[in-house]
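Colleague: I am new to reading protein models. Could you walk me through a few features, step by step?

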Amino acid sequence: MPFIRMLRRVGQSPACVCWTSVLPVRFLGLSPRQIPADANFHSASFSDTDHPRVLITGGLGQLGVGLANLLRKRFGKDSVILSDIKKPPDCVFHSGPFIYSDILDYKNLREIVVNNRITWLFHYSALLSAVGEANVSLARAVNITGLHNILDVAAEHNLRLFVPSTIGAFGPTSPRNPTPDLCIQRPRTIYGVSKVHAELMGEYYHYRYGLDFRCLRYPGIISADSQPGGGTTDYAVQIFHDATKHGKFECNLEAHTRLPMMYIDDCLRATLEVMEAPAESLSMRTYNVSAMSFTPEELAQEVLKHVPEFQITYNVDAIRQAIADSWPMNFDDSNARKDWGWKHGFDLPELVTTMLNFHGSETRVSQAN
Ligand SMILES: NC(=O)c1ccc[n+]([C@@H]2O[C@H](COP(=O)([O-])OP(=O)(O)OC[C@H]3O[C@@H](n4cnc5c(N)ncnc54)[C@H](O)[C@@H]3O)[C@@H](O)[C@H]2O)c1
Ligand SMILES: C[C@@H](O)[C@H](N)C(=O)O
């Protein structure tokens, strides 16, 4: 069936008549993927409800459950479906809708979007920088082929699509201190290459097909109640656990390695804010966002203020170090601040206090039991 813009009358009874614009204006008769003959109708986007109906892919990683909690507070529990290929822990399964979704299975994705009348999609599935280097073919499949499925299902069903990018989308030839939104991007990891591809493909679909694509380049994200999935910035999460539990930490990056970082609450709020920003406020579709930058040594100094016996030692992982040495040291996010009012809430001292409080109270609870 040719993919053309059309107005289709839906419903037969007078009480159930609506006109739905099947495709955005900029669909000029070409499809990113041929849709089958039986799929001749797609429901309208979120304008037909008070709030969006959300799908999160790869939702059982470090960031997805927190995002689901934030979105459920805003849009209602049943409006937000978390999905992954892993089995959810009981507490996640009972906290709201969860569904199996493999982003490499296009038909499965389409079925979920259609059956649940999804209007917003947050695409979190990925293999991160370190695990990506350990399994390049899987990273290529998930991060690139999977993204193609997501783009097509989003374009065909008129979804608003969020895809996170990363500081890892830059490389050794990018300006590193600071790194602006627009500059040379020649990353040397499969993760970085796949994220540059995602940025460019999302923007292409936006300009070519009218897809409402929105993308933030996250720094390393630090969270207390979820574990990182195998990245280069993971040390900055583990250090808090080890400081409160053992009073010491062995770091796999060199002491002076400076990287941009952000507390998870800021990251998730930025994500919701850019998704809610009026389209006319977005002068770009891919933005850097930042909060702070520090080295392991500086982080350890801050931890030491709260845990006086704390000791840090270094046992450098050559692969992670090479990746970190090619990434931005400071991120210039002035466009996000100017266009849609981005403002971070957590600097290094607040981050350290918050993380230690969480782990300290966890340790006290487990000691009491
Ligand atoms: N955490 C960070 O510091 C950070 C920084 C920058 C960007 N990001 C981006 O944010 C997103 C979420 O990051 P995260 O830290 O939660 O990642 P994560 O590695 O913790 O989780 C990724 C999830 O993707 C799932 N997944 C893998 N293959 C899949 C498949 N075929 N189908 C469906 N799901 C699949 C995994 O099961 C996992 O739960 C990623 O796209 C990541 O690149 C994260
Ligand atoms: C920075 C980010 O993309 C991820 N935490 C990684 O280190 O791979």
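This is a predicted model: local features need pLDDT of at least 70, side-chain atom pairs count only at pLDDT 80 or more; totals for chains, interfaces and linings use all residues.

Modeller: Gladly! Residues are numbered from 1 along each chain as its sequence is written, chains are lettered from A and ligands numbered from 1 in the order in which they are written, and side-chain values use heavy atoms, with hydrogens and water left out.

Colleague: Which residues surround ligand 2?

Modeller: A residue is near a molecule if one of its heavy atoms lies within 4 Å of it. For ligand 2 that gives Leu128, Ser129, Thr166, Ile167, Tyr191, Gly231, Thr232, Thr233 and Trp327. Ala, Val, Leu, Ile, Met, Phe, Trp, Tyr, Cys and Pro count as nonpolar, Asp, Glu, Lys and Arg as charged, and the others, Gly among them, as polar. This shell has four nonpolar, five polar and no charged residues.

Colleague: What polar side-chain atom lies 2.9 Å from a nitrogen atom of ligand 2?

Modeller: A polar contact is a pair of N or O atoms within 3.5 Å; within protein, one must be able to donate a hydrogen and the other to accept it, and residues adjacent in sequence count only if both atoms are side-chain atoms. The atom you ask about belongs to threonine 233. Oxygen atoms of ligand 2 also take part, at 2.6 Å from a polar side-chain atom of serine 129 and at 2.6 Å from a side-chain N or O of tyrosine 191.

Colleague: And which residues around ligand 1 are the closest?

Modeller: They are Gln62, Asp84, Asp102, Tyr191 and Ile221, out of 26 that surround ligand 1. By class, this shell divides into 13 nonpolar, nine polar and four charged residues. Aspartate 102 places a polar side-chain atom 2.9 Å from a nitrogen atom of ligand 1. Lysine 86 has a side-chain N or O atom 3.3 Å from an oxygen atom of this ligand.

Colleague: How many aromatic pairs does the structure hold?

Modeller: A pair of aromatic rings is described by the distance of the centres and the angle of the planes. Rings of Phe, Tyr and Trp (its six-membered ring) pair if their centres lie within 6.5 Å; planes under 30 degrees apart count as stacked, over 60 as edge-to-face and the rest as tilted. The structure holds twelve such pairs. In one of them, tyrosine 124 and tyrosine 218 have ring centres 6.4 Å apart and planes at 80°, so the pair is edge-to-face.

Colleague: Which peptide bond is cis?

Modeller: The bond from asparagine 177 to proline 178, with omega near 5°.
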